[in-house]
Amino acid sequence: MILDLDGAALARAIHVASVVHWIGGVWFVTFVVLPAVARFAEPERAVALFEAVEHRFAGQARLSTLAAAASGFWMTGVWSAWDRFLDPRFFWMHAMVALWAVFTVVLFVAEPLFLHAWFERRARLAPEATMRLVLRLHRVLSTLALIVVAVAALGAHGGL
Ligand code: HEM
């Protein structure tokens, strides 16, 4: 057999691939696309391009957040490691789930229900200020996400 994987190893591979796709994509939008479009002379063009990029990536990110959670809970189930969530030494497990919960609420609840409409309304009235606010929020979330990736890798490999 070419692949001789147990369930947890396969789940870990899916987990890492989903996290790379999702957090890497968010980081790219935040620190590459957003600063570039924010320099456009017409702020309306910046808002339109940002919306197009964010909309395209949000669809993909919904899939990778689902895959990250499914594979993460799959590993936890395979090892019957649910009691980690009661042990403060496994704070890095809580950090992963908390970060995932924030993105899930934004992508599946806030965005379709009101965030998108709010952004459009505010961007029409004050495009530059709205882009600045969006950039700041993205920076905070992307930096937090990268810290959680590093802390989770340390936690998973006995470094904490
Ligand atoms: C519902 C959400 C999540 C659950 C249930 C979950 C669960 C898990 C579990 C059980 C492990 C294996 C730990 C071990 O080997 O002892 C793991 C590893 C890991 N997770 Fe998560 N996770 C979730 C979300 C995330 C998020 C949002 C990130 C990134 C920001 C992340 C990044 C990682 C990383 C980097 C590893 C280490 C992989 C390795 O080096 O082997 N996870 N996760």
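How far apart are the end C-alpha atoms of helix 3? In this predicted model the distance is only 42 Å. Helix 3 spans residues 91-125 and has 35 residues. A straight helix would reach 51 Å at 1.5 Å a residue. The expected span is 1.5 Å times one less than the number of residues. Helices here are DSSP runs of H or I with at least four residues, strands are runs of E with at least two, and both are numbered from the N terminus.

The model is predicted: local features need pLDDT of at least 70, side-chain atom pairs count only at pLDDT 80 or more, and totals for chains, interfaces and linings use all residues. Residues are numbered from 1 along each chain as its sequence is written.

The chain holds four helices and zero strands. Along the sequence the pattern reads α-α-α-α. Its C-alpha atoms fill a box of roughly 55 × 40 × 30 Å along the principal axes. Of the 160 residues, 17% are buried. A buried residue has 20 or more other C-beta atoms within 10 Å of its own, with C-beta atoms placed from the backbone. Among contacts with a separation of 6 or more, 83% join residues 24 or more positions apart. A contact requires C-beta atoms, placed from the backbone, within 7 Å.

Helix 3 bends by about 80° at E111. A proline, P112, follows within four residues. The bend is the angle between axes fitted to the seven residues ending at a position and the seven starting there. The buried residues of helix 3 are M96, L99, F103 and A123. They pack against helix 2 (43-78) and helix 4 (127-156).

Helix 1 covers residues 7-38. Its 32 residues reach 45 Å from first C-alpha to last, close to the expected 46 Å. Helix 1 bends by about 35° at V29. V29 is itself buried.

Methods: A residue is buried if 20 or more other C-beta atoms lie within 10 Å of its own, exposed if 12 or fewer, and partly exposed in between; C-beta atoms are placed from the backbone. Two residues are in contact if their C-beta atoms, placed from the backbone, lie within 7 Å.
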